[in-house]
Amino acid sequence: MEPIIESFTKIDTSTISDALDKLGIDGQCFGIQSNSVSWKIAGRAFTVKYGPVSIEKGTVGDFIDDVKPGEIVVIDNQGRLDCTVWGDIMTGVAKHKGIAGTVIDGVCRDTNRILELDYPVFSSNRYMRTGKDRVQVDSIGEAVSIANIRVRPGDIIVGDSDGVVVIPQEMEEQVLSVAIEIEGAEHQIRLATEKGMSLKEARSYYNYHTLQTKGE
């Protein structure tokens, strides 16, 4: 695992979200949730975009053979909730290959098997109807949209029980630095309040109200 990826595994998405706000970056994927509150993922994006099926029906999930261990499959299914693009067979392959997780702007199915295999899947929802003959892969390795957030191959994805954030590759060092700063300040605030300082005083002393403010 890359050192920067390992560092992000230790930081909650809420703190990363605050760092993104501080830097003026839109990276919070609204409505994309973990199918288990115990999962935490961090890795680089392997992007896939789906579209409506054509006259000559295309493939659905063969791209899984090209995903590298440690990468996160990021699937843009245009937010479709009426058919799935991820189920138990792809979960089994991904788990065997050491893929770090899957993020879907759309639905997954076979949730019991996903939970049994303990393979992290983050999605808009769950629904049993297959995407076969309804959608097909339009592109692999190009920029996609996840809940209106742009994701490019190689961007860092972090997900936990609070949702999913996207960290642009060219800003990853800055985001990590600001996130660590915010995490440190919040830790000090918690310690101060445990020792009897009022929350208002602690927040003022550690400049809490500027932590997430852009440009301050």
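Student: What makes the place of E172 a helix?
Tutor: E172 belongs to helix 5, residues 172–194. Helices here are DSSP runs of H or I with at least four residues, strands are E runs of at least two, and both are numbered from the N terminus. The model is predicted, so local features need pLDDT of at least 70 and side-chain atom pairs count only at pLDDT 80 or more, while totals for chains, interfaces and linings use all residues. Residues are numbered from 1 along each chain as its sequence is written, and side-chain values use heavy atoms, with hydrogens and water left out.

Student: Why is E172 called buried?
Tutor: Buried means under 20% relative accessible area, exposed over 50%, and partly exposed in between, with a 1.4 Å probe and protein chains only. The relative accessibility of E172 is 11%, and therefore E172 counts as buried.

Student: Which residue's side chain makes a polar contact with the side chain of E172?
Tutor: The partner is the side chain of R44, at 3.0 Å. A polar contact is a pair of N or O atoms within 3.5 Å; within protein, one must be able to donate a hydrogen and the other to accept it, and residues adjacent in sequence count only if both atoms are side-chain atoms. Setting aside residues up to four places away in sequence, E172 touches I4, F8, R44, I156 and I167, where contact means heavy atoms within 4.5 Å.

Student: Why does K200 count as exposed?
Tutor: K200 has a relative accessible area of 72%, so the term exposed applies. This residue is in helix 6, and the C-alpha atoms of K200 and I189, 11 residues apart along the chain, are separated by 9.8 Å.

Student: Where does N207 lie, and why is N207 called partly exposed?
Tutor: N207 lies in the segment after helix 6 (199–205). Its relative accessible area is 47%, and so N207 is partly exposed. N207 is not a glycine, yet has a positive phi of about 55°.

Student: How many helices and strands does the protein chain have, and why is the chain called as compact as a globular protein of its length?
Tutor: The protein chain has six helices and 10 strands. Its radius of gyration is 19 Å, close to the 17 Å that the globule rule gives for 216 residues, so the chain is as compact as a globular protein of that length. The radius is taken over C-alpha atoms, and the rule is 2.2 Å times the number of residues to the power 0.38.

Student: What share of the residues is buried?
Tutor: Buried residues make up 47% of the 216 residues in the protein chain.
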